[in-house]
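Biologist: I've just opened this one and could use a guided tour. Can we go through it feature by feature?

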Amino acid sequence: VIYQKLSGHTVSSLAPVMDKIRVIKSLIEVNIMKRSTQISCAGFIHTMKNTKHCTNEAQLEAHMEFYCKVHGSERLAYPPVVSNGISNNTLHYINNDNILGNGNLILMDAGGEFNNFASDITRSWPVSGKFSQPQMEVY
């Protein structure tokens, strides 16, 4: 309908203008971004501390989502990657359904969304809570 009314006129994309506008953030936006990141960082710490109570990747995902939502995030910003062991080799693995293997590293890529600002954090930590010597050297 709009296109028909603009027939005969040049129509161009607003994307370049919008991209420039989105680069500069107001103090309010910066504070919202900081809060989004604070919630997600604390969610990671909470999830890491509770790994000992989890038996599978889905439970870790649930800890992260629960923490973020309880502390103000509306939702997780994107489907999280929660993997361990061989699944860490799968790019954008989102099944999040494997049993946690002792001696494995967990890889989590997750973040909450707060007031339409997403945080995006990736961390690895050992299922056991303590890095082995080879893991420590690589990490």
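Biologist: Let's start with helix α3: how many residues does it have, and what span does it reach from its first C-alpha to its last?

Modeller: Keep in mind that this is a predicted model. Helix α3 covers residues 27-49, which is 23 residues, and reaches 33 Å, close to the 33 Å expected at 1.5 Å a residue.

Biologist: Which residues of α3 are buried?

Modeller: Among them are Ile-32, Ile-39 and Phe-44. The buried residues of α3 pack against several elements, including α4 (57-70) and β3 (105-110).

Biologist: And in what order do the strands of the open sheet come?

Modeller: The three strands run β1-β4-β5, with antiparallel pairing. β1 (75-76) and β5 each have a single partner strand, so one side of each is left without a neighbour in the sheet. Helix α3 packs on this sheet, touching β4 and β5, and its direction makes about 150° with that of β4.

Biologist: How do I read salt bridges, and how many are found in the whole structure?

Modeller: Side chains of opposite charge can pair when their charged atoms come close. Here the search finds two salt bridges. In one, Lys-69 pairs with Glu-65, the closest N and O atoms being 3.0 Å apart. These two residues are four apart in helix α4, so about one helical turn separates them.

Biologist: Which side chains meet in the salt bridge with 2.7 Å from N to O?

Modeller: Those of Arg-75 and Glu-113. This pair links distant parts of the chain, with Arg-75 in strand β1 and Glu-113 in strand β4, 38 residues apart. Arg-75 counts as partly exposed because its relative accessibility is 39%, while Glu-113, at 14%, counts as buried.

Conventions:
Residues are numbered from 1 along each chain as its sequence is written. This is a predicted model: local features need pLDDT of at least 70, side-chain atom pairs count only at pLDDT 80 or more; totals for chains, interfaces and linings use all residues. Side-chain values use heavy atoms; hydrogens and water are left out. The expected span of a helix is 1.5 Å times one less than its number of residues. Buried means under 20% relative accessible area, exposed over 50%, partly exposed in between (1.4 Å probe, protein chains only). Contact means heavy atoms within 4.5 Å. Two strands pair if DSSP finds at least two bridges between them. Axes are lines fitted to C-alpha atoms, for helices over the stretch in contact, and angles run from 0 to 180 degrees between N-to-C directions. A salt bridge is a side-chain nitrogen of Lys or Arg within 4 Å of a carboxyl oxygen of Asp or Glu.
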